[in-house]
Amino acid sequence: MAVNLADELHQASIRTHVVAADWQAAITLAGDALVAGGVTTDDYTAEMIAAVDKLGPYIVIAPGLAIAHSRPSPAVLRAGLSWVSLEEPVSFGHKKNDPVSLVIGLAAPDHEGHLEMMQALAGVLMNSELLAALKAAGSPAEVLTLMFNPELLTEKAHS
């Protein structure tokens, strides 16, 4: 069954144009947003930071984009996402894809949900026009409107 991102990303889990001093603070913002959406506990935030400490900046998957996550654990209450656009990009230590201006928090109670959410998210992230508009969005409501109604970009361009 395909994952619907509308079920996985809630307004409480979105932060736009926030300030992070470094990559740990950026992941903490994504983790706090997951907690605010009822997706995880604070322990999951610590697990995400520990994963990068141990494995390096593997979560920086494309220029300017990090998907903060950790293994499924008891700290995951349900599958879900958070969305954090940074006012100023921060370095995660990735040779090619730094600095990061968008951190997406990802939590899944099992490996299957993780893969389905990644697939659904990839559809959004591969649309460069939509991604640019999402990064520029000034509010959580605007992020949700664009994400779930990408046709509005086309209508805006033609008006």
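Are Trp-23 and Phe-92 buried or exposed? Trp-23 is buried, and Phe-92 is too; here buried means under 20% relative accessible area, exposed means over 50%, and partly exposed is in between, with a 1.4 Å probe and protein chains only.

## Ground rules

What you have here is a predicted model, where local features need pLDDT of at least 70 and side-chain atom pairs count only at pLDDT 80 or more, while totals for chains, interfaces and linings use all residues. Residues are numbered from 1 along each chain as its sequence is written, and side-chain values use heavy atoms, with hydrogens and water left out.

## The aromatic pair

Back to those two rings. The structure holds one aromatic pair. Trp-23 and Phe-92 make up that pair, and the geometry is tilted, with 6.2 Å centre to centre and 40° between the planes. For the record, rings of Phe, Tyr and Trp (its six-membered ring) pair if their centres lie within 6.5 Å; planes under 30 degrees apart count as stacked, over 60 as edge-to-face and the rest as tilted.

Trp-23 belongs to helix α2 (residues 23–36) and Phe-92 to the loop between β4 and β5, so the pair ties together parts that are 69 residues apart in sequence. Helices (H or I, at least four residues) and strands (E, at least two) are DSSP runs, numbered from the N terminus.

## Val-90 in β4

Val-90 sits in strand β4 and is buried, at a relative accessible area of 6%. Not counting residues up to four places away in sequence, Val-90 touches Ala-20, Ala-21, Asp-22, Trp-23, Ala-26, Asp-98, Pro-99 and Val-100. Contact means heavy atoms within 4.5 Å. As for distance, Val-90 and Phe-148 are 58 residues apart in sequence and 28 Å apart in space, C-alpha to C-alpha.

How many of the eight residues of β5 are buried? Eight of the eight are, so β5 is largely enclosed by the rest of the structure.

β4 and β5 run antiparallel, with seven bridges between them, and Ser-85 has Leu-102 of β5 as its bridge partner.

Setting aside neighbours within four places in sequence, Leu-121 is in contact with Leu-5, Ile-67, Leu-81 and Ile-104. Leu-121 and Val-19 are 102 residues apart in sequence, and their C-alpha atoms are 24 Å apart in space.

Most residues other than glycine have a negative phi, and most peptide bonds are trans. His-17 has a positive phi of about 55° although it is not a glycine. You'll find His-17 in strand β1 (residues 14–18), partly exposed at 32% relative accessibility.

Then there's the peptide bond from Asp-98 to Pro-99, which is cis, with omega near -10°. Pro-99 lies in the loop between β4 and β5 (100–107).

## Pocket and cavity

On a 1 Å grid over the protein atoms alone, a cavity is a set of points where a 1.4 Å probe fits but cannot get out, and a pocket is an open set with protein on both sides within 12 Å along at least five of seven lines; lining residues have an atom within 4 Å of a point. Grid points are joined across faces, edges and corners, and a volume is the space filled by probe spheres set on the points.

The largest pocket has a volume of about 200 Å³, and its lining includes His-69, Ser-70, Arg-71, Pro-72 and His-114. α3 (42–55) and α4 each supply at least two lining residues, with α3 giving the largest share, three residues. There is one cavity of 30 Å³ or more. The largest cavity has a volume of about 40 Å³, and among its lining residues are Tyr-44, Ser-70, Arg-71, Pro-72 and His-114.

Methods:
Two strands pair if DSSP finds at least two bridges between them.
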